Amino acid sequence: MSLSYSVPTSLEYFASLVQSDDHFPLLEAAASLAQDEYPELDMQQLLGDMDQLLARIKRRLPADAPALQRLRILNQFFFADLGFGGNINNYYDPENSYLNAVMRTRRGIPISLAVLWMELAQGLGLHARGIAFPGHFMVKVLLPKGQVVLDPISGQSLSREELAERLEPYKRRNGLVDDYDVPLGLYLQAATPRDIIARMLRNLKEVHRTQQDWQRLIAVLDRLIVLLPEAWGEWRDRGLAHAERGNHAEAVVDLEAYLAHVEDGLDIDLVADRLTALRNSRG
């Protein structure tokens, strides 16, 4: 009897990675986001390249190196020797979110650089976590004498005063001042791996929506809905993107799902009107 095997699609592969929060493979899930753009991407090669980087830095460390020394050597290796940094000249290039491209060019945005940096940090036994800081993803490391918050663009350590200063424009835009102010510590909570992947996808979503690249936007929203099945706003946005592409049947299904689950959205009437127009156009 002959056996046949089907190769999973990139979306099915992604779904297998993010189905459970137990042992969530952050690096692999983040790297897999590039597969829509690079369908021939060799994931095992990319993961192997990271293993080689980790092996290189481990050779520089004494076996009994304290945590602070490990952190300093990691930053010297990652930012100075390898030259990783922010793609300041082309910040909104989607390549900045694809880890294979970031590893090749050594340029990215804070969250993509953070994922690579954290993989090495954790491989060195450092207690490193991502921080979903508004507007600029951060990382933090728990050391014996306290917590250090770092900018993953440069490795710069940020004081509480510097963090508060960076936060001020966001708080003012959102009315989080005076009686509505909240402690800085609430903005420094560790982000879960699922949160990190969602933020990476939403960065790509915004790039593609701004460029009105509906096909790529739909691919990103497919992943967001796999990652966060009850994020009904993503269903709505995918339905609207399908409508722009002329995929009326798919648009109707997504907009119906949104309206079935969201009872008090400010845009319900607008979405309902769009759904009616789509149904009529099919009839």
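Me: What makes H10 and H11 roughly antiparallel?
Reply: In this predicted model, the axes of helix H10 (residues 232–245) and helix H11 (residues 248–261) cross at roughly 155 degrees. Angles over 145 count as roughly antiparallel, so H10 and H11 get that label. Their axes come within 8 Å, and the crossing of H10 and H11 is left-handed.

Me: Which residues make the contact of H10 with H11?
Reply: On H10 they include Trp232, Trp235, Arg236, Arg238 and Leu240. On H11, Glu250, Asp254, Leu255, Tyr258 and His261 are among them.

Me: How do the residues of that contact divide by class?
Reply: There are 8 nonpolar, 5 polar and 4 charged residues in the contact of H10 with H11. Gly233 and Gly239 of H10 belong to the contact, and Gly counts as polar.

Me: What meets what between H3 and H6?
Reply: Met50, Leu53, Leu54 and Lys58 in H3 meet Leu116, Glu119, Leu120 and Gly123 in H6. By class, this contact of H3 with H6 has 5 nonpolar, 1 polar and 2 charged residues. Lys and Glu count as charged, which covers Lys58 of H3 and Glu119 of H6.

Me: Now the sheet: what makes S3 and S5 edge strands?
Reply: The order is S3-S4-S5 in an open sheet of 3 strands. Strand S3 (127–131) and strand S5 (146–150) each pair on one side only, and that is what puts them at the edges. Neighbouring strands of this sheet are turned by 25 degrees against each other on average, direction ignored.

Me: How do you know that S4 and S5 pair?
Reply: Pairing needs at least two bridges between two strands. Strand S4 (residues 138–143) is joined to S5 by 5 bridges, so the pair meets that cut-off. S4 and S5 run antiparallel. Leucine 142 stands opposite glutamine 147 in S5.

Me: Which helix lies across S4 and S5?
Reply: That is helix H4 (residues 67–81), running at about 150 degrees to S4.

Conventions:
Residues numbered from 1 in each chain as written. Predicted model: local features only at pLDDT ≥ 70, side-chain atom pairs only at ≥ 80, totals over all residues. Heavy atoms only, no water. Axes fitted to C-alpha atoms, helices over the stretch in contact; angles between N-to-C directions. Helix = DSSP H or I, 4+ residues; strand = E, 2+ residues; numbered from the N terminus. Parallel < 35°, antiparallel > 145°, perpendicular 65-115°, else oblique. Left-handed = near helix turned anticlockwise from the far one by under 90°. Contact = heavy atoms within 4.5 Å.
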